[in-house]
Amino acid sequence: MARIRIELPAQFSFATEVPLLISHINYGNHLDNAQLLGVVSEARVRFLKSMGYAEMDVEGCGIIVADAAVQYRSEAFHGELMRIELAATDFHTHGCDLVWKMSEASTGREVARGKTGIVFFDYEARSKAAVPEGFRCRFPAA
């Protein structure tokens, strides 16, 4: 199987910091792979909130996570502060990718990078929706 390689954008449009709690740590005493996605989900919620949105209301549409890819770079430990940077890229008719990088805040040591594919969804009609123009226009490179 080919290794996953995630290319990061030249700059990110959003950053937030999340401390690692004991519940994020596995039996190897480092960040659990499943919990990493939870930390990234928290960053995604904060990213949307910074623009006045919620996962269930982006210009009237909800979002669904369609896929996720992760590339691990180093261990992370209880009590460390993670800086998660995000950018919206690769827009298509119904969604885009949220590319992210997680680093230890004080040293800049990269812990992981990844991308989460999101699809906009009309929960009332139970069908995919077009990317809201108000969301897309916030990312001029899109």
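In this briefing, Ala, Val, Leu, Ile, Met, Phe, Trp, Tyr, Cys and Pro count as nonpolar, Asp, Glu, Lys and Arg count as charged, and the others, Gly among them, count as polar. The structure described here is a predicted model, and its chain of 142 residues has 44% of them counted as buried. With those classes in hand, the lining of the largest pocket divides into eight nonpolar residues, three polar ones and no charged ones.

**Overall fold**

- The chain contains two helices and six strands, and, read from the N terminus on, its elements follow the order β-α-β-β-β-β-β-α.
- The radius of gyration of the chain is 16 Å, which is close to the 14 Å that the globule rule gives for 142 residues, so the chain is as compact as a globular protein of that length.
- Along its principal axes, the C-alpha trace of the chain spans about 45 × 35 × 30 Å.

**The largest pocket**

- Rolling a probe the size of a water molecule over the atoms shows where empty space is left.
- The largest pocket holds about 210 Å³ of space, and 11 residues line it.
- Among these lining residues, Q11, A87, A88, F139 and A141 lie nearest the centre of the pocket.
- A87, one of the residues nearest the pocket centre, belongs to strand β3, which covers residues 81-89.
- With a relative accessible area of 5%, A87 is buried, because the cut-off for that class is under 20%.
- A87 and A15 stand 72 residues apart along the chain, while their C-alpha atoms are separated by 9.1 Å.

**Aromatic rings**

- A search of the whole structure finds eight aromatic pairs.
- Ring pairs link F14, F47, Y53, F91, F120, F135 and F139 into a cluster, and F139 is also named among the residues nearest the centre of the largest pocket.

**Cysteines**

- A disulfide is a covalent bond between the sulfur atoms of two cysteines.
- The structure holds zero disulfides, and C61 shows how this comes about, because its sulfur is 12 Å from the closest cysteine sulfur, in C96, which is too far for a bond.
- The cut-off that applies to such a pair of sulfur atoms is 2.5 Å.
- C137 is likewise in no disulfide, and the nearest cysteine sulfur to it, that of C96, is 13 Å away.
- C61 counts as buried, at 11% relative accessibility.

**Buried residues in a strand and in loops**

- A112 lies in strand β5, which runs over residues 110-122, and at 0% relative accessibility A112 counts as buried.
- Between the C-alpha atoms of A112 and L86, which are 26 residues apart along the chain, the separation is 12 Å.
- H24 is found in the loop between β1 (14-19) and α1 (33-50), and with a relative accessible area of 11% H24 is buried.
- H24 and H78 are 54 residues apart along the chain, and their C-alpha atoms are separated by 7.5 Å.
- A129 occupies the loop between β6 and α2, the latter being residues 133-136, and A129 counts as buried at 12% relative accessibility.
- From A129 to R46 the distance is 22 Å, C-alpha to C-alpha, and the two residues are 83 residues apart in sequence.

- Most residues other than glycine have a negative phi, and most peptide bonds are trans.
- D90 has a phi near 50 degrees, which is a positive value in a residue other than glycine.
- D90 is located in the loop between β3 and β4 (95-104), where at 53% relative accessibility D90 counts as exposed.
- R126 has a phi near 55 degrees, again a positive value in a residue other than glycine.
- R126 sits in the loop between β5 and β6 (127-128), and R126 counts as exposed at 57% relative accessibility.

Definitions and conventions: Residues are numbered from 1 along each chain as its sequence is written. This is a predicted model: local features need pLDDT of at least 70, side-chain atom pairs count only at pLDDT 80 or more; totals for chains, interfaces and linings use all residues. Side-chain values use heavy atoms; hydrogens and water are left out. On a 1 Å grid over the protein atoms alone, a cavity is a set of points where a 1.4 Å probe fits but cannot get out, and a pocket is an open set with protein on both sides within 12 Å along at least five of seven lines; lining residues have an atom within 4 Å of a point. Grid points are joined across faces, edges and corners, and a volume is the space filled by probe spheres set on the points. Buried means under 20% relative accessible area, exposed over 50%, partly exposed in between (1.4 Å probe, protein chains only). Rings of Phe, Tyr and Trp (its six-membered ring) pair if their centres lie within 6.5 Å; planes under 30 degrees apart count as stacked, over 60 as edge-to-face and the rest as tilted. Helices (H or I, at least four residues) and strands (E, at least two) are DSSP runs, numbered from the N terminus. The radius of gyration is taken over C-alpha atoms; the globule rule is 2.2 Å times the number of residues to the power 0.38.
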